[in-house]
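Biologist: Here is the one I wanted to go through with you. Please keep it plain.

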Amino acid sequence: MGRSGTNSGPAEDLLIELDRDAGVPLHRQIEASIRTSIRAGRLRTGASLPPTRTLAAGLGVSRGVVVEAYQQLVAEGYLASRSGGYTQVAASMPQVAAGAGPAAPIPRPAARRVDFGYGRTDVSHFPRAAWLRSIRTVLTTTPNDRFAYLDGRGVPELHEALCDYLNRVRGTSSAPGNVVICSGYGQGISLLIQVLVQHGARRIALEDPSSNDDARVLAAAAGLDVVGIPVGPDGVQVDALHRADADAVVLTPSHQWPTGGVLSAGARAEVIRWAKDRGAIVVEDDYDAEYRYDRSPVGAMQGLAPDQIVYCGTASKTLAPGLRLGWMVVPPRLVADVTAAKVLADRGSPVIDQLAFADFLTRGEFDRHLRRMRPVYRRRRDALLRALRTHLPDLEPAGVAAGQHVVAWLPPGLDEAAVVAAAARRGLGIHGVGPYRIAGTGPGGLIFGYAILGESAIAEGVALLAAAIREVRGS
Ligand SMILES: Cc1ncc(COP(=O)(O)O)c(C=O)c1O
C-alpha cells in the first residue's frame with residue numbers, strides 16, 4: 001500500500017491496481033482494494049484517503065468512479081466523510097494485522113519500579129533550543145548542492161570542529177583529514193573490524209569484561225578469534241596482552257567499561273610499545289570521558305601514538321544516542337579503507353545533522369551543554385554512593401569518578417545471578433558483570449546506570465536491592 005496519510009491531512013497516493021480486462025466494474029475494483037487494505041490493517045483507522053479528484057487522476061479514471069467507490073465504502077462503514085471534504089478510514093472498523101489473524105496483544109515487559117539498566121543518557125536534557133538554532137542556521141545558509149551525495153568521510157566543517165574540540169579537550173593529535181564520521185561507535189567498530197580483516201588480521205583482543213553487543217559479536221561474525229584480556233582495578237592487564245598474539249586490541253582506557261578503571265600512564269606506554277612492535281592497531285573507545293567529577297582530566301591515548309591508535313568518540317553519552325553521531329580519528333594509512341567501508345555501509349552519515357553538530361560545536365554549545373550536565377550526573381552519582389553506603393556498606397563501588405555508571409563489587413559468597421534475579425522479582429532492573437565476561441570467571445558485581453534516575457528513584461532502587469540481598473542471604 002502506498003502512503004496512507006495520517007489524521008493531519010489526506011494522502012496523495014494509494015496503491016490500487018486496476019485490471020481493465022477483468023470484466024469487473026472499476027469502482028468495484030477500487031472498493032475491493034480499499035476494503036482489503038483496511039481489513040488487513042495496511043490502511044489504519046483515521047488514515048485519510050486521497051481526494052477523489054487526485055485518486056481519479058492517478059488511476060486514469062473519471063472522478064465519478066472514485067466517488068462511487070468511496071460512497072459504497074462509507075455506506076458499509078469502512079470509510080467516514082470528514083468536514084473539509086476528506087474521507088477517512090472509519091474509527092469503528094475492526095482491523096487485523098497484515099497477513100495474519102487477529103492482531104495479538106503486544107507483550108509488555110513486567111513493570112519495573114526502578115531500572116539501573118546501563119546505556120541510557122538523560123535525553124530529557126537534550127539542548128533542543130540550541131540544536132534548533134544550529135539546524136535553522138544550516139537550513140538557511142547551506143547551498144543546495146551540499147545536500148547531494150558527498151564524501152562518505154563526512155562534511156569538512158565537522159571534521160574541523162571535532163579536531164578543534166578533541167585536540168583541546170581530549171588531547172588527541174587529530175587533523176581534519178584523519179576524521180571519519182560514523183553512526184555512533186557501534187558503526188565505527190564495525191567498519192574498523194572490516195578493515196582489520198581486509199588487512200589480514202586474524203585475532204582481536206578485547207577487555208574482559210567488556211560490552212557484549214558490539215566488538216565481540218562483530219569480530220566473531222567477521223571470523224576473527226576473540227581473546228579476552230583480564231581487567232584489573234587500573235584497566236587492562238598489559239602482560240596478558242603480550243601473550244595474546246593479537247593483531248588489534250579494543251580498549252576503554254579513560255574509564256574501563258564496565259569496571260571503571262583508568263589505564264595508568266605506564267600501562268598506556270606499554271600498550272603503545274606492544275602495538276608498534278607488532279604493527280598492531282589499538283582502538284580507543286572514548287565513550288564517556290566528558291563526564292568526570294572528582295578526578296583530574298585523563299587525556300586520550302591517541303595523542304601519544306596517532307599512527308597506532310584509532311580514536312572513537314560518540315554523541316550518545318553527551319547528547320543523545322538517537323542522534324547516531326560518532327567520529328573516528330584514524331591513522332593516515334587506514335583513512336581511505338575506513339572511508340570506503342563507510343561508503344559501502346550507508347554512503348555517508350546524514351549531512352544536515354553533521355552540519356548542525358559542526359555549528360553546535362563551533363558556537364560553544366557543546367561545552368555549555370556539558371557544563372550544565374556534569375552537576376546533574378554528579379548529584380545522581382553522589383545519591384547512589386550515599387544510598388550504597390547507608391543500605392549496602394559491604395558492597396565495594398569502583399570507577400565512581402567518571403561516566404554515567406558505577407560498578408559495585410559483591411562480597412565473596414554472594415551470588416551475582418541470584419541477586420539480579422531477586423532484584424527483578426522486586427521490580428528492580430540491574431545487570432551483573434557476569435554476562436560481560438569473556439572467560440566467564442571473576443568476582444560478582446553489579447552495574448548501576450544512574451544517568452536517567454532522579455535522586456529519590458536511586459535511593460528507592462538501592463533500598464529494593466538491599467531487600468533482595470537480604471532475601472538471597474536468608475535463603
Ligand atoms: C563501552 C561503550 N562504548 C560506546 C558506546 C556508545 O555506542 P554508540 O556510539 O554506538 O551509541 C557505549 C554505549 O552504551 C558503550 O557502552
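Biologist: Which helices and strands each supply at least two residues of the largest pocket's lining?
Modeller: Those are α6 (184-198), β6 (203-208), α7 (215-221) and β9. Helices (H or I, at least four residues) and strands (E, at least two) are DSSP runs, numbered from the N terminus. This is a predicted model, where local features need pLDDT of at least 70, side-chain atom pairs count only at 80 or more, and totals for chains, interfaces and linings use all residues. Residues are numbered from 1 along each chain, and side-chain values use heavy atoms, without hydrogens and water.

Biologist: Which residues lie nearest the pocket's centre?
Modeller: Y118, Y185, S211, D213 and D214, out of 28 lining residues. On a 1 Å grid over the protein atoms alone, a pocket is an open set of points where a 1.4 Å probe fits, with protein on both sides within 12 Å along at least five of seven lines; lining residues have an atom within 4 Å of a point.

Biologist: New topic. What order do the sheet strands come in?
Modeller: β5-β12-β11-β10-β9-β6-β7-β8, an open sheet of 8 strands with mixed pairing. Pairing needs at least two DSSP bridges.

Biologist: How do β11 and β12 pair?
Modeller: Residues 309-314 of β11 run antiparallel to 326-329 of β12, over 4 bridges.

Biologist: What is the chain's average pLDDT?
Modeller: The average is 93, and 94% of the residues score at least 70; pLDDT is the predictor's confidence in each residue, from 0 to 100. Over residues 1-8 the score stays under 50. Low-pLDDT coordinates should not be read in detail.

Notes. Contact means heavy atoms within 4.5 Å.
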